[in-house]
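Here is my note on the model. Please read it with the coordinates open.

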Amino acid sequence: MKRVAVVTSGGDAPGMNAAVRAIVRAGTEKGMTMFGVRNGYEGLIASDLIPLSNRDVSEILHLGGTFLGTARSTEFKQSGDAQQRAVEGLGAHEVDGLIVIGGNGSQSGSARLEEMGLPVVGVASTVDNDLVGSDISIGVDTALNIIIEAVDRVRTTAESHHRAFLIEVMGRDCGYLALAAGIAGGADVIVTPENDIEPAEVERQLRAAHERGKRYALAVTTDGAVNNAQRCMEFFQSHEEEIGYELRVTILGHVQRGGSPTTFDRILASRLGSAAVELMASGGSGQLVGWIDGDIAHTPLAEVAGRHKVAPQEMWELLRVLTK
Ligand code: F6P
């Protein structure tokens, strides 16, 4: 493998830049010529590649987002013709291997490119932490730290006013962020796509927290749950009189994906990025590079594509014990 390209794809995640830096420098060390693809799979279809030297990836380690740009490409997902153009574009640059840094949708794309004969290695990166093949993905630790800071801030004002609050976090189809925020942030009620409790039940559990002597009550919901912040807010507004107290709502949104990566994410990204190059240099392909049981792990992309991990049951049990 002599000429290798790296692409960041799907939702950005803090630490993607650290991964690109590690890939470029580990590749250069092995004598590879490195390229970056701009703007995710959109750039792959348009053959928008730039050469990347060690100096080109200076001063990005501490930056959130991805300096290469990213996109959610419906065209790549849906069109075999677009996928073919992506492979041909890489061929035109004589690129003989691709490293894809991204989450679920992006790694389904990697699996597709691999099937088409392109050597591909994936790197686990998504704040949602729903990728099969990695206990934790790049960006999760940073997002959680931002969430917990917000939860702690909301808690102080909630306590002063003896109020009920609801905070909505990201995660889409996976409740990991909400559940982890519940454990680390001391929430009373958690709503996730896997545990999509109705607003009336959210209200009942908030009331129960008040009745057992808490000076405030806190719920955390996931953006992808049916009973997300919007739905809960509507319920509280339309049942205001019977409920007898108001719900204050904070939607954290993209704040969770922005800003500088934590130390943990920088190290994870650097290790996964360099392991991806190692795998490619040894002729490996069709694998996701992730982190399992405290070490680098390789999982076939075919096992990763189209699936998503759910939060471990023990976390729910722990939450039940802690929410007293
Ligand atoms: O997949 C990452 C994620 O941040 C989800 O948690 C969230 O639901 C979604 O992306 C938001 O997507 P977008 O950035 O395209 O609005």
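The points below cover the sheet, its helices and the ligand site.

1. Basis. This is a predicted model: local features need pLDDT of at least 70, side-chain atom pairs count only at pLDDT 80 or more, and totals for chains, interfaces and linings use all residues. Residues are numbered from 1 along each chain as its sequence is written, and side-chain values use heavy atoms, with hydrogens and water left out.

2. Sheet. An open, mixed sheet holds 7 strands, ordered E3-E2-E1-E4-E5-E10-E11. Strands are DSSP runs (E, at least two residues), numbered from the N terminus; two of them pair if DSSP finds at least two bridges between them. E3 (49-51) and E11 (295-300) each have a single partner strand, so one side of each lacks a neighbour in the sheet.

3. The E2/E3 pair. E2 (residues 33-37) and E3 run antiparallel, joined by 3 bridges. Valine 37 has leucine 49 of E3 as its bridge partner.

4. Helices (DSSP runs of H or I, at least four residues). H1 (residues 16-29) lies across E1 (3-8), E2 and E4 (97-102), at about 160 degrees to E4. H5 (residues 104-115) packs on the sheet, touching E4, E5 (120-124) and E10 (287-292), and makes about 165 degrees with E4. Contact means heavy atoms within 4.5 Å. Angles run from 0 to 180 degrees between N-to-C directions of axes fitted to C-alpha atoms, for helices over the stretch in contact.

5. Ligand. Residues surrounding the ligand (a heavy atom within 4 Å) include Arg72, Asp128, Asp223 and His254. A polar side-chain atom of arginine 72 is 2.8 Å from a ligand oxygen atom. For aspartate 128, the distance from a side-chain N or O atom to a ligand oxygen atom is 2.6 Å.

Methods
Polar contact = N/O pair within 3.5 Å; in protein donor to acceptor, adjacent residues only side chain to side chain.
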